[in-house]
Amino acid sequence: MTTNFNFSDNIILEDDLVLLRPLQESDVDNLIEISINEPETWKYSLVGADGKENLINYIKAAIKAREEKREFPFIVFDKKAQKYAGSTRFYDIQLEYKTVQLGFTWYGSAFRGTGLNKHCKYLLLQFAFETLGMERVEFRADNNNERSIAAMKSIGCKVEGVLRSHMPTSNREVRRDSIVLSILKDEWFDEVKENLKRKL
């Protein structure tokens, strides 16, 4: 198994419910409705995409990070609703160490609690462990973000600890504690994959 990951590949991950494809600049049009109408989506995010200008900058920065081979951002399409639901990405991609972080995940309110996230995570984890040969997939969140932490635990992530006063929050005055969770390759093949598949 190799970790020959080509950042210029048009990686498409899909099942019967969801399709993930590389984020592109024209996706401003596909995500603008959530961006304008649901600014609370980015309450715990370091980089918001609320409002058109922020969304444009968010997408540009994500594409630049892909060009610099640091991140690989996706847009998420809900096949059942026939609508774009949000975005997610691989980041801190360390091919040499076979580790990657999975995050920058957000969905419009209509797509939360629908099972969409589990489908996305299944496809992304399968790609990370089975195509890229990763040994570890890491997740981080604001330690106050209960919904996000519950979602990560429900897909099989194990809590590793909390990084205290780890990063600034969007208002810059307050620093956040970041919770760190992960799934290891053996855990994916031994239990997480099957458990997650049963929940789809």
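1. Two rings of Phe, Tyr or Trp (its six-membered ring) pair if their centres lie within 6.5 Å; planes under 30 degrees apart count as stacked, over 60 as edge-to-face and the rest as tilted. By this rule there are twelve aromatic pairs.

2. The model is predicted: local features need pLDDT of at least 70, side-chain atom pairs count only at pLDDT 80 or more, and totals for chains, interfaces and linings use all residues. Residues are numbered from 1 along each chain as its sequence is written, and side-chain values use heavy atoms, with hydrogens and water left out.

3. One of the pairs is Y58 with W106: the ring centres are 6.1 Å apart and the planes stand at 75°, so the pair is edge-to-face. Y58 belongs to helix α2 (residues 52-67) and W106 to strand β5 (residues 99-107), 48 residues apart. Helices (H or I, at least four residues) and strands (E, at least two) are DSSP runs, numbered from the N terminus.

4. Y58 is buried, at 5% relative accessible area, and W106 is buried, also at 5%. Buried means under 20% relative accessible area, exposed over 50%, partly exposed in between (1.4 Å probe, protein chains only).

5. Y122 and W188 have ring centres 5.7 Å apart and planes at 50°, so this pair is tilted. Y122 is in helix α3 (residues 116-131) and W188 in helix α5 (residues 185-199), so the pair ties together parts 66 residues apart in sequence. Y122 is buried at 8%; W188 is buried at 0%.

6. Ring pairs join F5, F7, F72, F74, F90 and F127 into a cluster.
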